[in-house]
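Subject: Handover of a two-chain structure

Dear colleague,

Please find the structure for your review below. A summary of the findings follows it.

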Amino acid sequence: MNWRSLFSSESNMKPVEVKRFIAEHKPEEYQLLDVRQPKEYEKGHIPGAKLIPIKDLQDRLTELDPTKPVFVY
Amino acid sequence: MRSKAAALLLLKADFQHIINVSGGIIAYEGGKAFGDEAFGMEYFVSGNFTDVFRMAYAMEEGLQQLYLLLEEMCDDEVVKHLLARLAQFEEGHKAKLETMFPGVLDGESVRSDALEGGFDRQQILDHFQARKVSSTEVIELGMMLETQACDLYSRLAEKAENDENKEFFLFMVGEEKQHLNFLSREFDRLLSS
């Protein structure tokens, strides 16, 4: 799949489509980013999602790979 | 809302592919409010420090007014109380700005429809009109606006015309981060209750 042609910048995807994408791709091909509060994360999150609460995101951008797709919720 | 603000941050940091997972978090349809690199900066057209300061002050004022208007619209006592607290908190931001930079306002009143981060107040009010607003939504809205404000001031600092303005914008970045921390703690309180 050519990501560049699909997502030049930012797009939206329904949870069901994300699920399908995850099922069809290897974990190292994408990143899941959870920007909610730790307590919300604890209650449930997409398996494999990395938790960086929104207030910390700007200071922790280096923990993410800018070249790989990021699913953010 | 938060994911939208997060996506915008990632976009600014040159991430190549950002996908918002829609739903789950409230579906805020204000897509066009999230603009390009110059978004929100039109409010700071003048390089004059007094104007820059007034605009920043007006944005705090704008957010305070938004909280108060939402409080009027809302009939849930708990949410009303939260909105009143947040409005009170913005009052504190304004007082701090006045103390840190005395005399800049020079007794002139500041009125603006601009919000922190450059959002349009009416757009947000329209969104919440005739809907039940929950405490979670209120805090998410606040977090979104503070995140945007933080990003806006970072960009302004990079493009500042002089050192005085640059220093002020960097100071505001720090302030917005503190506000975000405050909202984060409020959110945790809410989640524990």
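Among contacts in chain A between residues at least 6 apart in sequence, what percentage join residues at least 24 apart? The figure is 41%, where two residues are in contact if their C-beta atoms, placed from the backbone, lie within 7 Å.

This is a predicted model, in which local features need pLDDT of at least 70 and side-chain atom pairs count only at pLDDT 80 or more, while totals for chains, interfaces and linings use all residues. Residues are numbered from 1 along each chain as its sequence is written, and chains are lettered from A and ligands numbered from 1 in the order in which they are written.

Chain A

Chain A holds 4 helices and 4 strands (DSSP runs numbered from the N terminus: helices are H or I of at least four residues, strands E of at least two). Along the sequence they follow the pattern α-β-α-β-α-β-α-β. Of the 73 residues in chain A, 23% are buried (20 or more other C-beta atoms within 10 Å of the residue's own, with C-beta atoms placed from the backbone).

An open sheet of 5 strands runs in the order S1(A)-S1(B)-S4(A)-S2(A)-S3(A), with parallel pairing (two strands pair if DSSP finds at least two bridges between them). Its edge strands, each pairing on one side only, are S1 (10-13) and S3 (50-51) of chain A. S1(A) pairs with S1 of chain B (residues 18-21) over 4 bridges, in the parallel sense. Within S1(B), B:Ile18 is the bridge partner of A:Glu10, and B:Ile19 stands opposite A:Ser11.

The contact between chains

In total, 29 residues of chain A are in contact with 30 residues of chain B. S1(A) gives the largest share of chain A's side, 4 residues. That side divides into 17 nonpolar, 6 polar and 6 charged residues (Ala, Val, Leu, Ile, Met, Phe, Trp, Tyr, Cys and Pro count as nonpolar, Asp, Glu, Lys and Arg as charged, and the others, Gly among them, as polar).

Two helices of chain B

H2(B) (residues 49-73) and H4(B) (residues 121-128) pack at an angle of about 20 degrees, with axes 11 Å apart (axes are lines fitted to C-alpha atoms over the stretch in contact, and angles run from 0 to 180 degrees between N-to-C directions). These helices are therefore roughly parallel, a term for angles under 35 degrees. The residues that meet include B:Leu66 in H2(B) and B:Ile124 in H4(B).

Yours sincerely

Conventions: Angles under 35 degrees count as roughly parallel, over 145 as roughly antiparallel, 65 to 115 as roughly perpendicular and the rest as oblique. A residue is buried if 20 or more other C-beta atoms lie within 10 Å of its own, exposed if 12 or fewer, and partly exposed in between; C-beta atoms are placed from the backbone.
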